[in-house]
Amino acid sequence: MTAAARITVRTAVEADAPGIADVHVQAWRQAYAHLLPAAFLSSLDPVARTTRWRRTIAGAGAAGTSVAVAEHDGVVVGWATAGPGRDEHSVRDVELTGISVLASAYGSGAGQMLLDAVLSDAPAFLWVADDNPRAQAFYARNGFRRDGATKTEHLGDNALVAARMVR
């Protein structure tokens with residue numbers, strides 16, 4: 001896929017759940033290979049994630065959550081979600097809860113369009129892997145700054161340090 005590839009972004013529907021789940025798993029394997037053990041990444045199950053994505057999409061509007069997908073030629077290549085802050089004392093009302101784009105869509109504008117679709121220019125916060133410079137640079141270009149807060153996320157038996165970014 002080239003930077004000029006035609007990407008479309010729209011609100012997710014239940015039928016998108018399998019495609020989103022596939023991207024979720026593939027994108028994690030691509031982006032977190034240096035952060036998480038190969039055995040953990042290979043154990044990620046798109047079928048189980050499909051069930052979770054169906055629930056997320058079904059409850060999105062009522063819960064104040066937005067779910068968007070990016071497509072190239074009708075195939076999901078990315079997704080993003082945002083909604084009410086999940087932290088006990090959130091620094092902003094809105095949290096970017098997730099965004100993933102396949103490596104093959106890097107540079108296509110998909111990530112930017114997804115971020116714009118779920119957040120626009122609203123004040124928000126997010127948590128990002130502390131050792132994910134590509135993602136942090138993307139967020140910084142969109143006005144997010146690290147505010148010094150960190151936390152440890154547990155993914156299976158693996159600990160991952162996450163840094164908070166706020167705009």
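Here are some questions and answers on this predicted model.

Q: Which helix has the lowest mean pLDDT among the elements of the chain?
A: Start with the chain as a whole: its average pLDDT is 94, and 97% of the residues score at least 70. Among its elements, the top mean, 98, goes to helix α5, residues 110-119. At the other end, with a mean of 82 over residues 60-63, sits helix α4.

Q: Which strand gives the largest share of the lining of the largest pocket?
A: The largest pocket has a volume of about 1,500 Å³, and 50 residues line it. Lying nearest its centre are Y32, W79, G98, I99 and S100. The largest share of that lining is seven residues, spanning part of 94-101, and they come from strand β4.

Q: Which residues have the most contacts inside the largest nonpolar core?
A: This core holds 37 residues. Elements giving two or more residues to it include α1 (17-31), α3 (46-58), β4 and α6 (133-141). A second, separate core has 11 residues, V25, Y32, L35 and L41 among them. Back in the largest core, the ones with the most contacts are I20, L96, I99, L119 and Y139.

Q: Is F125 buried or exposed?
A: F125 is found in strand β5. The cut-off for buried is under 20% relative accessible area. F125 has 0% relative accessibility, so it counts as buried.

Q: How far apart in space are F125 and G111, C-alpha to C-alpha?
A: In sequence, F125 and G111 are 14 residues apart. In space, going C-alpha to C-alpha, the distance is 16 Å.

Q: Which residues does N158 touch, not counting those up to four places away in sequence?
A: N158 is found in strand β7, residues 158-166. Its relative accessibility is 14%, so N158 counts as buried. With residues up to four places away left out, N158 touches L36, P37, F40 and E153.

Methods. Residues numbered from 1 in each chain as written. Predicted model: local features only at pLDDT ≥ 70, side-chain atom pairs only at ≥ 80, totals over all residues. Heavy atoms only, no water. pLDDT = per-residue confidence, 0-100. Helix = DSSP H or I, 4+ residues; strand = E, 2+ residues; numbered from the N terminus. 1 Å grid on protein atoms, 1.4 Å probe; cavity = no way out; pocket = protein on both sides within 12 Å on 5 of 7 lines; lining within 4 Å. Points joined across faces, edges and corners; volume = space filled by probe spheres on them. Core = buried A, V, L, I, M, F, W, Y, C linked by side-chain atoms within 4.5 Å. Buried < 20%, exposed > 50% of the residue type's maximum accessible area, 1.4 Å probe, protein only. Contact = heavy atoms within 4.5 Å.
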